Amino acid sequence: MVEYGESAELDHIFSALADPTRRAILRILARQPATIQEIAEPFPVSLNAVSKHVMVLERAGLVRREIRGREHHCWIEPGPLHEADAWLERYRHFWEQRMDALEVVVKRKLKAAKGAGMHGKNR
Amino acid sequence: MEKTADGKHRIVVRRRMPAPREIVYEAWIDPEGFREWMCPGDVISAEAQLDVRVGGSFRIVMRSKDKVHEHVGTYQVVDPPAKLVFTWSGLENSSEITLVTVEFLAHGKESELVITHEGFPQSDVAGRYEMGWGTIAKKFSEYLANDQRTAKKPA
């Protein structure tokens, strides 16, 4: 199941990168985000054809698209290419969040210990 | 992100604590405290069992709205109040066993925690790298970088 998921993902990426127009689109988006119209400018193909290419890149997880009004804004998604970093960052976030919570527990224990200490002296 | 000598990945998180290390250590090995701070944010309930001795194990179940995470591990070093080393794995991906080292450093009335989580891994990420993912990603970044350079040059 996992293996299938991984290879399906790789298939999408390989086939997305196999096409010269799609590689050119990625090069454009690597410089800066762009709308479908802006991407289409240098190509002798229809907006619809460019949109389809972008869809293939989206399916491979390499590009994201957001529709604002009538414009489709696209940007490159480095995620799949930096999977390792992202995964480790999630763990870093996990521990930093836990440390925030630990500090709360530690402060309470400190207060309790001080209370107990004073109690001890009075005895 | 760092890499260990054998090429595996490691993260280090350091945190100052406003209490002596004995208290911080206590909060780490006390099941009630552990249960509380291990489950912040949207984690709504949890169970924790700790058997803090070398060879002893722990198990913690974290439940959020739509997910249940269970983590288990075995203590390898128990050196109160200075150091804990334990294995760490999520049952949903139990083939992945990582190692957590927690050092409790004394700084007068305060202390510092150094958490080193390492051994990431030969599964999720590294599996992709074994399949050539690393090479593809590297080549592709180089390709994009080269292209950005050529794009800036006048034709």
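**The sheet and its helices**

Author: Let's start with one pair: A:Ala34 has A:Cys74, in β3(A), as its bridge partner. This is a predicted model, in which local features need pLDDT of at least 70, side-chain atom pairs count only at pLDDT 80 or more, and totals for chains, interfaces and linings use all residues. Residues are numbered from 1 along each chain as its sequence is written, while chains are lettered from A and ligands numbered from 1 in the order in which they are written.

Helix α2 (residues 20–31) of chain A packs on the sheet and touches β1, β2 and β3 of chain A, where contact means C-beta atoms, placed from the backbone, within 7 Å. The direction of α2 makes about 85° with that of β3(A); angles run from 0 to 180 degrees between N-to-C directions of lines fitted to C-alpha atoms, for helices over the stretch in contact. Helices (H or I, at least four residues) and strands (E, at least two) are DSSP runs, numbered from the N terminus.

In chain A, the open sheet has 3 strands in the order β1-β3-β2, with antiparallel pairing; strands pair if DSSP finds at least two bridges between them. β1 (34–35) and β2 (63–68) of chain A each have a single partner strand, so one side of each is left without a neighbour in the sheet. β1(A) and β3 (residues 71–76) of chain A are joined by 2 bridges.

Helix α4 (residues 47–59) of chain A lies across β2 and β3 of chain A, at about 125° to β2(A). After α4(A) comes A:Gly61, with a positive phi near 80°.

Key: Contact = placed C-beta atoms within 7 Å.
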